[in-house]
Amino acid sequence: MHLVQPEPAKPARLKPGERRAQILRVLAAMLEDPRGERVTTAALAARLQLSEAALYRHFASKAQMLEALIQQAEEQLLAQAEQIAGLAQPAEERAQRLMLALLRFGEAQPGLARVLVGDALVGEHERLAQRVEQLFQRLEATQRHWLREGDLDSAQPGADAQGRAAVLMGFAQGRLLRFVRSGFKRAPTENLEQWRRWLPG
């Protein structure tokens with residue numbers, strides 16, 4: 001007597017929003033390859049076990065997928081900036097805390113670190129690099145605003161808030177770039193305490 005084997009259950013169909021989120025998660029994971037190879041839509045579709053046509057039902061292009069990742073980074077970092085803004089700390093400490101939040105964000109999500117330093121945007125649409133630059137400008141403007149407010153309450157009202165904010169953001173971008181170029185071996189927060197004494201604040 002032969003037993004009839006039940007057919008394997010088909011995976012549940014994901015809702016459009018869930019599929020979009022899955023595509024972005026897998027894309028970010030593929031960008032974590034330390035070899036830094038360019039991710040193609042064909043490779044992404046294969047990893048997801050979808051056709052490229054199925055990908056394009058959720059995103060019009062690879063550029064749109066990368067832009068969605070940038071938006072995710074922007075939302076998370078600006079939310080952290082808002083939390084830091086509410087802390088009862090001196091302006092210098094809040095500005096450094098925002099820099100540290102950026103470093104930890106990149107360290108925890110290497111694929112997005114590649115996007116933020118532009119490594120994953122080589123050969124892609126110019127607007128993506130512009131979008132990342134706008135994000136860094138917003139973070140730096142937030143630091144500058146805090147530092148200017150702090151100067152009004154200090155004995156150094158003429159201190160260069162713009163210069164201090166630029167140094168903090170430049171330091172963070174350099175650390176993220178080194179992290180990516182090292183194949184994610186040199187953490188952005190590595191030996192940070194000994195460096196912080198050279199930073200504004």
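Predicted model: local features only at pLDDT ≥ 70, side-chain atom pairs only at ≥ 80, totals over all residues.
Residues are numbered from 1 along each chain as its sequence is written, and side-chain values use heavy atoms, with hydrogens and water left out.

View 1. Helices are DSSP runs of H or I with at least four residues, numbered from the N terminus. Helix α4 covers residues 62–85, and its end C-alpha atoms are 35 Å apart, which agrees with the 34 Å that its 24 residues should span. The expected span of a helix is 1.5 Å times one less than its number of residues. Ile70 counts as buried because its relative accessibility is 1%; buried means under 20% relative accessible area, exposed over 50%, and partly exposed in between, with a 1.4 Å probe and protein chains only. Other buried residues of α4 include Lys62, Met65, Leu66, Leu69 and Leu77. Leaving aside neighbours within four places in sequence, Ile70 is in contact (heavy atoms within 4.5 Å) with Val115, Leu128, Arg131 and Val132.

**View 2. Arg131 and Glu126 in helix α7.** Arg131 is buried, with a relative accessible area of 18%, whereas Glu126 is exposed, at 58%. The side chain of Arg131 makes a polar contact with the side chain of Glu67 at 3.3 Å. A polar contact is a pair of N or O atoms within 3.5 Å; within protein, one must be able to donate a hydrogen and the other to accept it, and residues adjacent in sequence count only if both atoms are side-chain atoms. Arg131 also touches Ile70, Gln71 and Glu74, among residues beyond four places away in sequence. The side chain of Glu126 makes a polar contact with that of Gln130 at 3.2 Å.

**View 3. The largest nonpolar core, around Leu44.** A nonpolar core is a set of buried Ala, Val, Leu, Ile, Met, Phe, Trp, Tyr and Cys residues joined through side-chain atoms within 4.5 Å. The largest such core has 52 residues, and Leu44 and Leu102 have the most contacts inside it. Helices α1, α2, α4, α5, α6, α7 and α8 each supply at least two residues of this core, and the largest share, 10 residues, comes from α4. Not counting residues up to four places away in sequence, Leu44 touches Ile23, Val26, Leu27, Met30, Leu55 and Met65.

**View 4. Helix α8 and the aromatic pair.** Helix α8 (residues 161–181) has 21 residues and reaches 30 Å from its first C-alpha to its last, close to the 30 Å expected. Asp160 caps the N-terminal end of α8, with a side-chain oxygen 3.3 Å from the backbone nitrogen of Gln162. After α8 comes Gly183, which has a positive phi near 70°. A search of the whole structure finds one aromatic pair. Phe179 and Phe184 form this tilted pair, 5.2 Å centre to centre with 55° between the planes. Rings of Phe, Tyr and Trp (its six-membered ring) pair if their centres lie within 6.5 Å; planes under 30 degrees apart count as stacked, over 60 as edge-to-face and the rest as tilted. Phe179 counts as buried at 3% relative accessibility, as does Phe184 at 17%.
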